[in-house]
Amino acid sequence: MLQSLADTLPVAAARFGTKTALFIGETGISYPDLNERAQRCARGLVRVGVKPGDRVTLYLPNSVEWVIAYYAAAMAGAVVNPVNFLNTTAEVDFIVADCGARFVLTNEERALGLHGDATPIVAGGSATGTINFDALCAPGCDAVTLPEVSAEALALLCYTSGTTGRPKGA
């Protein structure tokens, strides 16, 4: 049976129970805890206007926020657009514009260097004109309904490194 990317974490949480899904240093996060955090964040994304099919760019280093945002965007029905954190903001500006991303999840330093129409969601900061990731994912959005996500819906939009020209989405 086909499942959407949005279903993978809830299914894993049900299947693996309290087993550790992710380690952050010495601290483990269980599958149910990670799933709950991702669902809360997904509701926050829907509340700020993410709709099925919207592109959400992830421009963060490896972190718990990256993992939560990855699954949250999928649960909100968005197309996840992961980009390499080592890319320059100019490279990311091109990718964001090319794929039509409405939101970019990044850190405060990188958010300040981005240009374009996408709204920055900032992990670990709250620069003017941005949405704070922790506030977005805070409890309190339980009334927000998450969309049904089809197994056939586009889930990921990854870009090439652009070694022979501009990066291309695939």
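From the N terminus on, the element order is α-β-β-α-β-α-β-α-β-α-β-β-α, that is, 6 helices and 7 strands. Helices (H or I, at least four residues) and strands (E, at least two) are DSSP runs, numbered from the N terminus. This is a predicted model, in which local features need pLDDT of at least 70, side-chain atom pairs count only at pLDDT 80 or more, and totals for chains, interfaces and linings use all residues. Residues are numbered from 1 along each chain as its sequence is written, and side-chain values use heavy atoms, with hydrogens and water left out.

**Size and packing**
- Along the principal axes, the C-alpha atoms fill a box of roughly 45 × 35 × 35 Å.
- Of the 170 residues, 44% are buried (under 20% relative accessible area, 1.4 Å probe, protein chains only).
- Among contacts (heavy atoms within 4.5 Å) with a separation of 6 or more, 61% join residues 24 or more positions apart.

**Charge**
- There are 12 positive (Lys and Arg) and 16 negative (Asp and Glu) side chains, with His and the chain ends not counted.

**Cysteines**
- The disulfide count is 0, a disulfide being a pair of cysteine sulfur atoms within 2.5 Å.
- Cys99 is in no disulfide, and its nearest cysteine sulfur, that of Cys158, is 11 Å away.
- Cys99 is buried, at 10% relative accessible area, and Cys41 is buried at 1%.

Definitions and conventions. Buried means under 20% relative accessible area, exposed over 50%, partly exposed in between (1.4 Å probe, protein chains only). The place of a charge is taken as NZ of Lys, CZ of Arg, CG of Asp or CD of Glu.
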